[in-house]
Amino acid sequence: MNKNRIPMIAGNWKMHLNAKEAGELALALKKGLNPDLPHEVLVAPTYTNLWAVRQALAGSKIILSSQDVHWEEKGAFTGAVSPAQVLDAGCTHAIIGHSERRKIFGETDEIVNKKMKAALKHNLVPVLCIGETLEERESQRTYRVLETQLAGAFSGLKAEETVRVVIAYEPVWAIGTGKTATPEQAQDAHVFIRRQMEKLYGKDYASRVRVLYGGSVKADNIDSLMAQPDIDGALVGGESLKADKFLRVIHFEEALAR
Ligand code: PEP
């Protein structure tokens, strides 16, 4: 964590919970959140639960996000949800390029780029996910993969258009596996990502962009991750579905010590 960047803790609820359960979880987070914490807290429920969560979060500073967004404005795109629809449901942010979208739904860097452009055009803040597979890490291709994914996602976008983008480094081998990257591995990747952003948009941009870590973040490992200078927060899957655990992640040690 670096004092000059506001930390963000984000919960990705994936395809879990019904509307009632999601509303209850949101309410528990709202009640348990220390209102004096300066950082940003975000939840990304399933599309069908956005309204229930929006209502539950009314009056709180917790940010509502979609887990994805389509790039087209409207039309014959069965199953897709447009940026305007996501905004209408109360979201200000959209997760883009999650590894499950890339792997299961075949999303390429070109698709991710289209989604980035569409979200930014509509003033939705992208939470862009990137990360290498185990095979890529073991064959020393981590940096190359991160470089390619970043170049693809930001292709054709100017620095001033992307100032609010949040990047989430999520090594695929750490997602949902219980295997967290060590704080040093994560820090190393974050430094690399910041360097790439410097190449794309300059030093000032790179020093401001927030890079979250994601991959089996838990109540009992968040403190050591957040102690790293280039880790600006976390994108949390499984642990964000339990109010008490997620609240502990949100109230990580350094945040409390501030
Ligand atoms: C995620 O879904 O982005 C994620 C990091 O999941 P988990 O925390 O369960 O590994």
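**Notes on a ligand shell and some aromatic pairs**

1. Start with S216: its relative accessibility is 10%, so S216 counts as buried (buried means under 20% relative accessible area, exposed over 50%, partly exposed in between, with a 1.4 Å probe and protein chains only). S216 sits in the loop between β7 and α10 (222-226); helices (H or I, at least four residues) and strands (E, at least two) are DSSP runs, numbered from the N terminus. Its phi is near 55 degrees, which is a positive value in a residue other than glycine.

2. A word on the source before going on. This is a predicted model, in which local features need pLDDT of at least 70 and side-chain atom pairs count only at pLDDT 80 or more, while totals for chains, interfaces and linings use all residues. Residues are numbered from 1 along each chain as its sequence is written, and side-chain values use heavy atoms, with hydrogens and water left out.

3. Which residues are closest to the ligand? They are K14, E170, G176, S216 and G237, out of 14 residues that surround the ligand (a residue is near if one of its heavy atoms lies within 4 Å). By type, that shell splits into 4 nonpolar, 8 polar and 2 charged residues.

4. The side chain of K14 has an N or O atom 2.7 Å from an oxygen atom of the ligand. S216 comes in with its backbone, where an N or O atom lies 2.8 Å from a ligand oxygen. At G238, a polar backbone atom is 2.9 Å from an oxygen atom of the ligand. Taken alone, the ligand exposes 290 Å², and the protein buries 97% of that (areas by the Shrake-Rupley method with a 1.4 Å probe).

5. You'll find K14 in the loop between β1 (8-12) and α1 (19-32). K14 is no glycine, yet has a positive phi of about 45 degrees. Buried or exposed? K14 counts as buried because its relative accessibility is 18%.

6. How many aromatic pairs does the whole structure hold? A search finds 4, where rings of Phe, Tyr and Trp (its six-membered ring) pair if their centres lie within 6.5 Å, and planes under 30 degrees apart count as stacked, over 60 as edge-to-face and the rest as tilted. One of them joins Y169 and Y213: this pair is tilted, with 6.3 Å from centre to centre and 55 degrees between the planes. The pair links distant parts of the chain, as Y169 belongs to strand β6 (residues 166-169) and Y213 to strand β7 (residues 210-214), 44 residues apart. Both Y169 and Y213 are buried.

7. Another tilted pair is Y201 with Y205, at 4.8 Å centre to centre and 55 degrees between the planes. Y201 and Y205 are both buried. Together with F154, Y201 and Y205 make up one aromatic cluster.

8. The charged end of R101 sits over the ring of F105, 4.0 Å from its centre (the rule: NZ of Lys or CZ of Arg within 6 Å of the ring centre and within 35 degrees of the ring normal).

9. Back to loops: W173 lies in the one between β6 and α8 (183-201). W173 counts as buried because its relative accessibility is 11%. From W173 to L150 it's 23 residues in sequence and 19 Å in space, C-alpha to C-alpha.

10. P38, in the loop between α1 and β2 (40-44), has 44% relative accessibility and therefore counts as partly exposed.

11. Last, A189 in helix α8. With a relative accessible area of 1%, A189 is buried. A189 and G176 are 13 residues apart along the chain, and their C-alpha atoms are separated by 19 Å.

Key:
A polar contact is a pair of N or O atoms within 3.5 Å; within protein, one must be able to donate a hydrogen and the other to accept it, and residues adjacent in sequence count only if both atoms are side-chain atoms. Ala, Val, Leu, Ile, Met, Phe, Trp, Tyr, Cys and Pro count as nonpolar, Asp, Glu, Lys and Arg as charged, and the others, Gly among them, as polar.
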